Every structure is written in C-alpha cells, then in structure tokens.
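Trainee: I am new to this structure. Please take one part and walk me through it closely.

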Amino acid sequence: MNNDQGILFPEALTREIKDRFHYVDRDMNGRERLFFDNAGGSFRLKSAVERFAQIDALPDCPERIHEMSRLLQKVQADGTADVRTILNAQGGSVYASLTASGGMFDMVRAVAENIPGTNMVTTTLEHPSSFDALTLYAQRLDKELRVAKSNPVTGGVDVADIVGLIDQDTTLLSVIYASNISGAKLDIQEIVKQARAIKPDIYIVVDAVQHAPHGLIDLQKTPVDGINIAPYKFFGCRGSGMSWLSDRAARLPHHKLAAKNVDFWDLGSSAPAQFGVVTEIVNYVCWIGSQFTGSADRRELFVCGIERIELHERALLARMLNGSDGRSGLRHLDGIKVFLDYEDLTKRDLILAIGIDNLEHAQAVREYEKRGVIVYERVSSSLYSKRMLESFDLEGAIRVSPLHCNSVADVDRFLHITRQISLAMSVEAS
Ligand SMILES: Cc1ncc(COP(=O)(O)O)c(C=O)c1O
C-alpha cells in the first residue's frame, strides 16, 4: 500500500465509526471537546467497554468445570487467538500483564539472563519500559548497552545505525515500531532482516504499543521473539498489556508457577475480560475491513481494516499539515512550528509535534483546553520524553495525536483553534 496522501473513509462510514466510540465529540459532562491525546490512551470502543463489564461481572473462576467457567475459558482462548490475528503470529505464547511495561520488563529479563553475549542493542527513541529494562539488565549482568542515535530529519532511527551496533556477541536487540514522540515508523522488516544477516539467531523484541493501532504488523514477514501492545491505546480498556513470545523465547526460564508448562507466562489468576476486549478490538477492525472486502477470513478482514485506518489517518495527517479549501495547514500557519516534519507521510503514524511562538508548551496545553481541545506537552523534564527530545535537540513540543475516528471537520476545527491561539499570542507579544 503506497498512497502517499492517504484516503479518507466515506463520510457515512466516518459517522458510523464515530458512533462506535465513546466521547469523540463531547466529554462525559456533555461539553464539546476535541480529544487529540490518543497516544496517551485512545478513545474506547463502546463494544469493548460493554464486553469488559459483562465478562468482569461474572464471579466464576475460569479454572473450573462449570458452564460459566467454560465460557470464560472460551473468551480467553478467543482473545488469545485474536492477539495472534493482530500480529499474524503463529505458535509461541501470548502473555497478559497489567501494563505493557510489565510485559516488556519480563521479556527483556528472560533474554538478558539466559542468552549468552556481551552486549545489548537498542535505540534512543525507546519508551522507558524497554530502555530502562535493558539498562537495568545490562548493568546487573555486566553487558554493554549500545544505543542507536535518532535521525532528526525522519524523526526515526536509520536501519544502518541500528544494525551497525550488532555483532556475534549481541544478546538482544530491542526496537520500537514507531516513535510515540515523532510518530516516525522504523523499518522493522529491514532491521530484522539485516540483524539476522549478521547474527542469524539474534533475539529481537519489539515495542508495538504506539504503532499497533495505526498500521499493519506481520510477524510472518518480520520474525521477532517478543512483541507487546497495549489495548488501552488500541480502542480498548486500561489495565492490560498483551505480549507475544516466539516458541524459543517462551521457553526461556522466567517467573512461573512450577507446575505450569515451560512456555506458560501468566502468573496467577487470569482476567478473561481483558481478552474479551481484544476480541472486540479485532471485531471492530474486521468490521471496517468488511466495508471494503468480501473476504470471510478474519486475518484478511483485519488487514484490510487496519490498512483503511492507516489510509484515513494519513489523509488526516496531510490535511493537518497542508490544510485545504483555503484553510492553511500547520506547515503554513504563522507562529506555528512543526517539528520532525518528514515529507514522506507513508513513514509516519498520526502524531504531530508542534510549537507555538511566544508560548510555553505547558501553557499551550492549557490554552487548548480552554478552547475545548485536549493535547499534551512532551518536555525534556519528563522521564517519558527527555532522552528522545534531547536526541532531536528539542526542548519540548506539544504532542497532537488524533485517531481514525476523527473527521476532517475535527481537523479543521483544530486548525482554526490553533490559529486563534497563535494570533492571541502574537497580539500579547507585540
Ligand atoms: C511506545 C510505548 N511503549 C510502551 C508504553 C508503556 O505502556 P504501559 O503504560 O501500559 O506500561 C507506552 C505508554 O505510554 C508507549 O507509548
């Protein structure tokens, strides 16, 4: 798929999509609101919230023989299969944790402690959940931590800068699928290919938390050993991270009850409701796919749905940047800077980093909220963004992250409000 300016959903479908989510146009108090902070937690599908409540209301233990227990087992088995649908994963183990960070720390630990080697490789754009896990185990196990630099032009990390750090003594390569600061996608397929050309049996883990709700993941094309997603950033509910481990990674020694199988990762009671949420997410993406293809195959429907989501989001991104119908986009608005603004939109998820002249980012966030818009600042004093921003030589930015359930009218309103704020600031400054 290479439509460089994206394709919007038909208008009627956009309305149906909006209706499937909670609070897209108004907050829970009924106030009009543009929620453009989906990188911090996405709009929730009504069906996911309902399914969570329905399943979680059952008191039954899933490890019993009774009818309701068997229903819970099925919900969990279906959700587990749907994690594989999202990733196009075969075999291996699916592992549920309370957060994506928890899952990542466990995967990194298992590889770091059990695979020989003297170094571990990662990038400066990682979220602390993987970067800090690698730092911790590198120190504890006396391994060198090698960190690939970012590219301020693309907002990502170049393949050559990552694979150049790998050698026969690399225990683990950990890479983020897309940056949650710049939205830049890393070329995971090429990274995996080139890393394995250097060390065929290298262990690779991928943080797909940011990218999974915005584009296709295909582990058959990018074979890795561990990958995680966060349902709450993927139209689902908080309190859940889902990871998948390859057969060989799943069998590495890890925390587990002694009587469980060697490749079993869940520790203690499972939460079937969280798996019900994953199934609702996949049902929804497949429903979008069904608007465009007649296939009955679940993965094919999912692929079509997520590709259409990607195209719609790209079209929104293009409109944000370039404007339309006589309305200037962010690139052309006086007093606005778009950071890390790589031309090729096919390499970007729908996240923007902007700044407004004469206005501190934290203050801009307040100005936006006064006008009914939720965005958030990523500043170098935050543990969640310091390393990434410094790598780009940026002090901070306002992060703007809409979702595919937003419409062109939402984008236009955001541009209008941004212009208002910028004008107000230039009047104050003069
Ligand atoms: C890219 C990325 N990875 C990992 C995480 C960690 O997710 P969680 O807070 O569920 O541990 C986040 C959360 O912000 C993220 O954006």
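Trainee: What should the 25 residues of helix α10 span at 1.5 Å a residue, and how far apart are its end C-alpha atoms?

Mentor: First, the ground rules. Residues are numbered from 1 along each chain as its sequence is written. This is a predicted model, in which local features need pLDDT of at least 70, side-chain atom pairs count only at pLDDT 80 or more, and totals for chains, interfaces and linings use all residues.

Now the helix. Helices (H or I, at least four residues) and strands (E, at least two) are DSSP runs, numbered from the N terminus. Helix α10 covers residues 298-322. The expected span of a helix is 1.5 Å times one less than its number of residues. For α10 that gives 36 Å, and its end C-alpha atoms are 36 Å apart, which agrees. After α10 comes G323, with a positive phi near 70°.

Next, its surroundings. A residue is buried if 20 or more other C-beta atoms lie within 10 Å of its own, exposed if 12 or fewer, and partly exposed in between; C-beta atoms are placed from the backbone. Of the 25 residues of α10, 18 are buried, so the helix is largely enclosed by the rest of the structure.

Now the domains. Their bounds come from an automatic or database domain assignment. Domain 1 is 11-45 + 298-429, and domain 2 is 50-283. Their C-alpha centres lie 27 Å apart. Two residues are in contact if their C-beta atoms, placed from the backbone, lie within 7 Å. By that rule, 34 residues of domain 1 are in contact with 36 residues of domain 2. On the domain 1 side, the elements giving two or more residues are α10, β12 (352-356) and α12 (386-391). Helix α10 gives the most to that side, with nine residues. This side of domain 1 divides into 18 nonpolar, four polar and twelve charged residues. Here Ala, Val, Leu, Ile, Met, Phe, Trp, Tyr, Cys and Pro count as nonpolar, Asp, Glu, Lys and Arg as charged, and the others, Gly among them, as polar.

There is also a core to look at. A nonpolar core is a set of buried Ala, Val, Leu, Ile, Met, Phe, Trp, Tyr and Cys residues joined through C-beta atoms within 7 Å. The largest has 129 residues; among those with the most contacts inside it are V108, V205 and I281. Domain 1 and domain 2 both give residues to this core, so it lies between them. In soluble globular proteins, nonpolar side chains tend to be buried together. Take V205. Leaving aside neighbours within four places in sequence, V205 is in contact with residues including M107, V108, V111 and L172.

L340 lies between β11 (336-339) and β12. L340 has a positive phi of about 50°, although it is not a glycine. L340 is buried, with 24 other C-beta atoms within 10 Å. Compare D142, in the loop between α5 (128-140) and β4 (144-148). D142 is not a glycine, yet its phi is positive, about 55°. D142 is exposed, with 8 other C-beta atoms within 10 Å.

Last, a residue in another helix. Q76 sits in α3 (residues 67-87). With 24 C-beta neighbours inside 10 Å, Q76 counts as buried. Q76 and Q274 are 198 residues apart in sequence, and 8.2 Å apart in space, C-alpha to C-alpha.
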